Amino acid sequence: MTSNNKLFGILVPIISVLLGLIVGALIMLSSGNNPLEGYVALWNGAFGDAYTLGETIRRTTPLILTGLAVAFAFKTGLFNIGAEGQVIVGWITAVWVGLVIDAPMIIHLPLAILAGAIAGGLWGFLPGLLKAKLGVHEVIVTIMMNYIALYSTNEIIRSVLTDQQTTTDTIAETASLASPWLQSLTFYSRVHYGVFIALLAAVIMWFLVERTTYGYELKAVGFNRHASNYAGMNVGKNIILSMVIAGAFAGLAGAMEGLGTYGNMSVMSGFTNLGFDGIAVALLGGNNALGIVLAAILFGALKEGAGEMPTAAGVPTELVDIIIALIIFFVASSYIIRWAILRFKKEEK
Amino acid sequence: MFDTLQSIIPTVLFYSAPLILTALGGVFSEKSGVVNIGLEGLMVIGAFTGIVFNLTFADVFGTWTPWVSIVAATVIGAIFSIIHAVASVTFHANQVVSGVAINMLAVGIGVYLTKEWYDKGQTDMVAQPFYTTSIPILSEIPIIGPLFFKGIYLTSYVAIILAFVSWFVLYKTPFGLRLRAVGEHPMAADTNGIKVAHMRYIAVILSGAFGGLGGGVFALTIVSNFSGSTIVGQGFIALAAVIFGKWHPLGAMGAALFFGLAQSLSVVSAGIPLLENVPQVFLLIAPYVLTIIALAGFIGRADAPRANGVPYIKGSR
């Protein structure tokens, strides 16, 4: 049975991605485009040269972190739809620290990164607290927190950080993650040191969950809240802790955007979608650290490659959003894929 | 005072109508035990369909175009929601995940087709949106007339009437009893011969119809064109209204009206003495903050249908 589960754990994501790409091809066909041209453009847009490769890595960086944010909460049986809002508050806080504090890089940069993580953690704390103490469903609270983050942040940019402007100033160089070395390797793409932070975070998540008693308790609470309670674990504390750590991961993702990619923050009319894509990443990655990194690379490549599709193949970039949504459906409906695989196996015998 | 009311009330009704409609959809779905985070996406599909239909058939239907367009939006919304029904009822998928996917898929498809059909990121403005009307006779009544029946969109009345119809259907008919039973205790309902999956399919499709209608009304009264940023958060405000209204059609309507008030105040507050100095951001986030407070139990208890979000697997306990 366990070997079966492992097999499914690998097969279901692969089949889902393939199905997503096949349906994507059908959509291109039915709207009069050439799917082969479309996918070649997608590939070239993501891995075609050093520049696009750098940009793909840049896109993958925050996706790893938001994927971890969703997956970490999920380990404790919590659904963190609030990664989106946590990204936004992490972003603004990191930029804020990057703007107003004057310090040498060795203090300034870690401080700005940490500030982003703490802000995200605080944004996760409230839903965690409400869940632990009052049993309020975290899904609804985190959705509401997303909008509160969006509108408040816009207001902060307009009224506090600038004088009715739509973009903040660029952060001090001592707080920047930008890497001339990585940029020169990739023909001046916007790739930055954040990718190492993201990979480190993935290792931390793996270590926390698999190798520490904290992680064991978090998982136990996720498996069975009541049993954990009877075993003497503090369920409420674990729920809050899980949401705070998850929020911190997402806050880091925001800090990567603020300190690495953009160096500032602009008023947003809608969400970054990093948080929602994080749900897809976590789901496809099977909520484990290695899977999340791989899934983030896949989605980063899809999103980056999409930019090439309109010019090279006449396919709107939104095709990639459709493919990602379909992949989520297929993974979520893995029940039917498992059923089909089992059926297939039986017939073989 | 009277002038202020006269400027606020029509605006509130105007902003609330799409929220009321979409929230009713949410009530149907969640009452049957299927969480519907996808309301936002259903509104997107409704808005897209309403605008495209209106642009395409304005010559055929003339002044009736907006009405036919929102019917089309309703039908397409219902069809689109079948995806959510299949995933969450038949395939036992996580309903929240499926809802998130619905939202992504809707924006993806809407903008993809817009670019394919119109070669740009947003459509043209429609030639036949809804216009305000004054109802003859009723608008002549002193005080009430000018407040409620003058310069009003008829769709606002449609929304309020449908809220009462939904209440009647859910609480006064055998169909409604079955739908609620399936959401409270599917096994007991099943034992009594109610087809759980069947009822949940109907409920989700109804939510798609209402969500599509809400999106169509939003597009044809408030924005008049479609792009990727036509619907930003209205579906989630509607979801908030479902919860704030304690999963009751009339409660949801009240909540939607209240949130509509918050939205319209953020637009017209400049002209109101008391609110002039309140930063717009507080009015913008009010619906979301209030929903969290309501959920935390500070404004009465908000209890979800017992089996909300739990797939029903026959024979399992």
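Does the radius of gyration of chain A agree or disagree with that of a compact globule of 349 residues? Select chain A to find out. This is a predicted model. For 349 residues, a compact globule would have a radius of gyration near 20 Å, and chain A has 21 Å, so the two agree.

Stop 1: Chain A has 16 helices and zero strands. Its C-alpha atoms fill a box of roughly 70 × 60 × 35 Å along the principal axes. Colour by burial next: 55% of the 349 residues of chain A count as buried. Now look at contacts in chain A with a separation of 6 or more. Of these, 80% join residues 24 or more positions apart.

**Stop 2: two annotated spans.** An unreviewed UniProt entry lists several stretches of chain A as "transmembrane region", among them 113-130 and 191-209. Select 113-130 of chain A. This span is 100% helix, with its end C-alpha atoms 27 Å apart. Move to 191-209 of chain A. Here the chain is 84% helix and 0% strand, and the end C-alpha atoms lie 29 Å apart.

**Stop 3: where the chains touch.** Show chain B as well. The contact takes 33 residues from chain A and 36 residues from chain B. On the chain A side, select helix 6 (138-161), one of the helices that each supply at least two residues. Helix 6 of chain A gives the most to this side, with 10 residues. Colour the chain A side by residue type: 25 are nonpolar, five polar and three charged.

**Last stop: confidence.** Colour chain B by pLDDT. The average is 88, and 95% of the residues of chain B score at least 70. The model scores ipTM 0.87 and pTM 0.90.

Terms used: Residues are numbered from 1 along each chain as its sequence is written. Chains are lettered from A and ligands numbered from 1 in the order in which they are written. This is a predicted model: local features need pLDDT of at least 70, side-chain atom pairs count only at pLDDT 80 or more; totals for chains, interfaces and linings use all residues. pLDDT is the predictor's confidence in each residue, from 0 to 100. Two residues are in contact if their C-beta atoms, placed from the backbone, lie within 7 Å. Helices (H or I, at least four residues) and strands (E, at least two) are DSSP runs, numbered from the N terminus. Ala, Val, Leu, Ile, Met, Phe, Trp, Tyr, Cys and Pro count as nonpolar, Asp, Glu, Lys and Arg as charged, and the others, Gly among them, as polar. UniProt positions are given in the numbering used here, feature names are shortened, and annotations may be inferred rather than shown by experiment. The radius of gyration is taken over C-alpha atoms; the globule rule is 2.2 Å times the number of residues to the power 0.38. A residue is buried if 20 or more other C-beta atoms lie within 10 Å of its own, exposed if 12 or fewer, and partly exposed in between; C-beta atoms are placed from the backbone.
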